Amino acid sequence: MLLSISDMPSALKTLRIVSALKIQKVSADPIELLDDTTIRQAWCMIKTCLQHDGIGLAANQVGINKLMFVAREDENNFRLIANPVWAPATDDSVLDIGLEGCLSIPGESIPVERHPQIVASWLGCDSETLDGSRSRLFQHETDHLLGLSILEVGKVNRADLRRITSKLKKLRF
């Protein structure tokens with residue numbers, strides 16, 4: 001579902017982003033229907049994402065136990081992705097490495113290997129081929145919904161992992 005920033009309701013709550021160390025590691029609930037409650041939660045996620053200059057936000061990053069994320073489509077629109085599933089569109093062994101940031105790990109960029117092109121589906125979309133930054137974002141947010149962050153899937157040496165973990169423990173979020 002495409003959500004235009006210009007249609008954002010007023011009086012939305014800003015949600016508290018949790019540290020990568022505290023992201024829910026439990027299975028999120030699949031979404032049967034995009035009801036008013038779910039759409040309002042998505043709007044709150046978009047507001048939170050915008051306030052933190054983010055391009056995507058998974059529900060469990062803000063304590064919502066639903067299988068969904070919001071992703072920036074362009075300057076004016078976000079897409080609500082519910083029940084995401086993906087598979088590599090090309091040979092499994094072909095991976096691109098790129099730096100990724102994360103709202104749950106502020107101020108850090110970590111190299112992560114990702115499939116350059118994927119075939120994705122979600123509630124309301126049977127199949128779409130994504131590549132480039134859209135493919136990377138879809139994989140990143142889906143990892144969150146599986147309880148993973150770039151600390152687990154990225155290429156982080158022990159010293160940097162200790163430094164980042166220590167930093168996250170000191171932050172109050």
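## Basis of the description

Helices (H or I, at least four residues) and strands (E, at least two) are DSSP runs, numbered from the N terminus. Gly-147, which follows helix H2, has a positive phi near 85°.

The model is predicted, and local features need pLDDT of at least 70, side-chain atom pairs count only at pLDDT 80 or more, while totals for chains, interfaces and linings use all residues. Residues are numbered from 1 along each chain as its sequence is written, and side-chain values use heavy atoms, with hydrogens and water left out.

## The sheet

Four strands form an open sheet in the order E1-E4-E3-E2, with antiparallel pairing; two strands pair if DSSP finds at least two bridges between them. E1 (2–4) and E2 (56–58) are the edge strands, each with a single partner strand, so one side of each is left without a neighbour in the sheet. From one strand to the next, the twist averages 20°.

E2 and E3 (residues 68–72) run antiparallel and are joined by 3 bridges. Gly-56 has Ala-71 in E3 as its bridge partner.

## Helices on the sheet

Helix H1 (residues 36–51) lies across E1, E2, E3 and E4 (77–82), at about 45° to E3. Axes are lines fitted to C-alpha atoms, for helices over the stretch in contact, and angles run from 0 to 180 degrees between N-to-C directions. Helix H2 (residues 132–145) also packs on the sheet, where it touches E2, E3 and E4, and its direction makes about 155° with that of E3. Contact here means heavy atoms within 4.5 Å.

The 14 residues of H2 reach 21 Å from the first C-alpha to the last, close to the 20 Å expected at 1.5 Å a residue; the expected span is 1.5 Å times one less than the number of residues. Of these 14 residues, 11 are buried, so H2 is largely enclosed by the rest of the structure. Buried means under 20% relative accessible area (1.4 Å probe, protein chains only). Arg-136, Phe-138, Glu-141 and Asp-143 are among the buried residues of H2.

## Nonpolar cores

A nonpolar core is a set of buried Ala, Val, Leu, Ile, Met, Phe, Trp, Tyr and Cys residues joined through side-chain atoms within 4.5 Å. The largest has 22 residues, and Met-45, Leu-57, Val-62, Ile-64, Met-68 and Val-70 have the most contacts inside it. H1, E3 and E4 each supply at least two residues of this core, and H1 gives the largest share, 7 residues. Apart from it lies another core, of 12 residues, including Ile-81, Cys-125, Phe-138 and Leu-145.

Not counting residues up to four places away in sequence, Met-68 touches several residues, among them Ile-31, Met-45, Leu-80 and Leu-145.

How values were computed. Buried means under 20% relative accessible area, exposed over 50%, partly exposed in between (1.4 Å probe, protein chains only).
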